[in-house]
Amino acid sequence: MIEEIIKSALDLVVPSEEEVERAKRAEEELKRRLENVLVNYPNLEYRFLGSYARNTWLKGNLEIDIFILFPEETPIEDLERIGLEIGKTVVDEYELRYAAHPYVHGRVLGVEVDVVPCYKLRSPEKIKSAVDRTPFHHDWLKDRIKGKENDVRLLKQFLKANGIYGAEYKFRGFSGYLCELLVVFYGSFLDVVRNAVRWTRDTVIDIPNGRVYRKKGLRFFVVDPVDPKRNVAANLSLDNLAKFVQICRDFLKDPSIDYFTFKDVIASDDSLRRELSERVVNVVVFEKPDIVEDNLYPQLEKACKVIANNMREFQPIRYGFTADERCYIIFEFGVKELSKFRRHMGPIFEDEKNVGRFLRRNDRVFIEDGRFWAFKERKFTKPSEAIKHVIKQNWQGMGKNVGESLRAGFDVYEGIEILKIESVELRRKLTELLCIKHPSS
């Protein structure tokens with residue numbers, strides 16, 4: 001049964017002959033262009049790396065990664081400048097993207113291409129930026145992965161279909177490199193799944209030494225065979241680790257091709273309206289800062305935590321964030337409206353000096369259990385009012401770019417008025433955060 005499902009899933013993940021041929025044509029054209037350009041840079045070389053070079057890319061997700069290798073002594077300014085010049089020259093159309101440093105993303109014969117400059121190093125211990133590890137990762141994997149390429153594809157699709165593929169902060173899931181390491185270590189996609197059900201938050205997968213153990217106080221750790229001090233799973237969130245373990249349990253108990261098919265679950269407006277009318281939900285909307293996603297999402301998370309920590313009286317139940325052309329910070333609270341007054345604790349009656357001061361400062365005073373108390377009037381009784389105040393008082397602690405955007409202006413929507421916001425991404429996130437079950441899920 002499970003083997004039949006895996007066989008069927010291969011049709012979803014293995015590139016077609018046409019896609020492979022298109023890739024080869026683009027590769028040959030890239031080689032021709034690179035060799036023509038690099039005549040002017042005799043101290044540079046190029047390498048095809050990543051999932052294309054190792055034949056582990058997913059069907060319909062073809063992207064060719066080319067790394068331009070510079071001598072170690074090259075100043076970083078020259079590496080970036082020359083690397084971008086070469087990238088712009090060899091692709092048909094381009095845009096600049098940013099990782100450890102700028103690189104060129106473009107197309108060649110309709111195929112997406114990344115041209116990334118890095119240093120050619122003798123040892124991974126001397127890396128100057130994260131991309132410098134990539135050639136070492138490729139060299140370690142290229143022979144070990146042979147014969148297991150489709151298992152890597154199955155694992156990637158299994159993760160992608162369930163929303164936990166990609167190490168970017170937006171996803172905080174499994175990277176492609178991590179997928180390849182796990183398949184090499186365990187032997188196959190199915191062996192990864194069968195072993196994952198025993199993973200814990202303190203599991204250590206020591207790839208170079210071929211062992212798995214638990215270490216109290218250490219978060220889930222996959223040892224990089226190229227750099228044993230580095231955790232390949234460092235970006236994987238604990239929640240996504242837990243989600244993967246549970247999906248593996250469920251798949252083994254009741255295998256289905258559905259685990260490999262993406263389901264974009266967005267609740268209907270009627271479902272959302274019903275939930276929003278019965279629950280205390282607020283959404284902060286503001287302009288998206290012009291920064292890369294890996295800088296944006298950590299700041300959005302920081303802003304969420306700052307607001308939630310200052311809203312404890314309203315009993316925050318859950319919060320989340322997402323973005324498209326704008327940013328959205330979402331909160332659900334356990335309290336819709338607080339009393340106008342709150343209790344304020346004063347001194348015990350024996351403390352004459354402080355009792356006198358307390359009585360002078362407060363009007364609505366009472367005694368309970370031998371202690372003086374006072375009723376204090378709240379500035380805000382509704383979450384939406386308090387959110388506005390918290391942001392205006394604390395925007396500087398919400399991340400540089402997100403804070404500045406919030407300072408420039410924001411809106412707070414509550415309840416069913418949230419449906420006035422035209423955003424598919426927001427509806428998708430609300431469906432997830434409010435745990436609304438889709439009729440077909």
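Because the model is predicted, local features are reported only where pLDDT is at least 70 and side-chain atom pairs only at pLDDT 80 or more, whereas totals for chains, interfaces and linings use all residues. Residues are numbered from 1 along each chain as its sequence is written, and side-chain values rest on heavy atoms, with hydrogens and water left out.

The protein contains 15 helices and 15 strands, these elements being DSSP runs numbered from the N terminus (helices H or I, at least four residues; strands E, at least two). Its C-alpha atoms fill a box of roughly 85 × 55 × 45 Å along the principal axes. Of the 441 residues, 49% count as buried, where buried denotes under 20% relative accessible area, exposed over 50%, and partly exposed the range in between, computed with a 1.4 Å probe on protein chains only. Among contacts (heavy atoms within 4.5 Å) between residues at least 6 apart in sequence, 64% join residues at least 24 apart.

An open sheet is formed by 3 strands in the order S7-S6-S8, with mixed pairing; strands are taken to pair if DSSP finds at least two bridges between them. Strand S7 (211–214) and strand S8 (221–222) are the edge strands, each pairing on one side only. Strand S6 (residues 203–206) and S7 run antiparallel and are joined by 4 bridges; threonine 203 stands opposite arginine 214, and aspartate 206 has arginine 211 as its bridge partner. The two strands form a hairpin with 4 residues between them, and glycine 210 in the turn has a positive phi of about 65°. Helix H7 (residues 176–186) lies across S6, S7 and S8 and runs at about 75° to S6, the angle being taken, on a scale from 0 to 180 degrees, between the N-to-C directions of axes fitted to C-alpha atoms, for helices over the stretch in contact.

In helix H15 (residues 424–433), the buried residues are Leu426, Arg427, Lys429, Leu430, Thr431 and Leu433. These buried residues pack against helix H10 (269–278) and against strands S9 (280–287), S10 (316–323) and S11 (326–333). The N-terminal end of H15 is capped by serine 423, of which a side-chain oxygen lies 3.4 Å from the backbone nitrogen of glutamate 425. After H15 comes cysteine 435, with a positive phi near 55°.

Strand S2 (residues 63–70) includes aspartate 65, and isoleucine 64 is also placed in S2. Isoleucine 64 counts as buried because its relative accessibility is 0%. With residues up to four places away in sequence not counted, isoleucine 64 touches Ala23, Ala26, Glu27, Leu30, Phe48, Tyr52, Val111, Glu112, Val113 and Asp114.

Aspartate 139 is partly exposed, with a relative accessible area of 35%, and arginine 47 counts as partly exposed at 22%. Within helix H2 (residues 17–38), glutamate 29 and arginine 33 lie 4 residues apart, about one turn of the helix; their closest N and O atoms are 2.8 Å apart in a salt bridge, and both residues are buried. A further salt bridge, at 3.0 Å from N to O, joins the side chains of glutamate 368 and arginine 343. The latter pair also connects distant parts of the chain, glutamate 368 being in strand S13 (residues 365–368) and arginine 343 in strand S12 (residues 341–348), 25 residues apart. Glutamate 368 counts as partly exposed at 32% relative accessibility, as does arginine 343 at 41%. Finally, salt bridges that share partners join Glu29, Arg32, Arg33 and Asp92 into one network.

Conventions
Polar contact = N/O pair within 3.5 Å; in protein donor to acceptor, adjacent residues only side chain to side chain. Salt bridge = Lys/Arg side-chain N within 4 Å of Asp/Glu carboxyl O.
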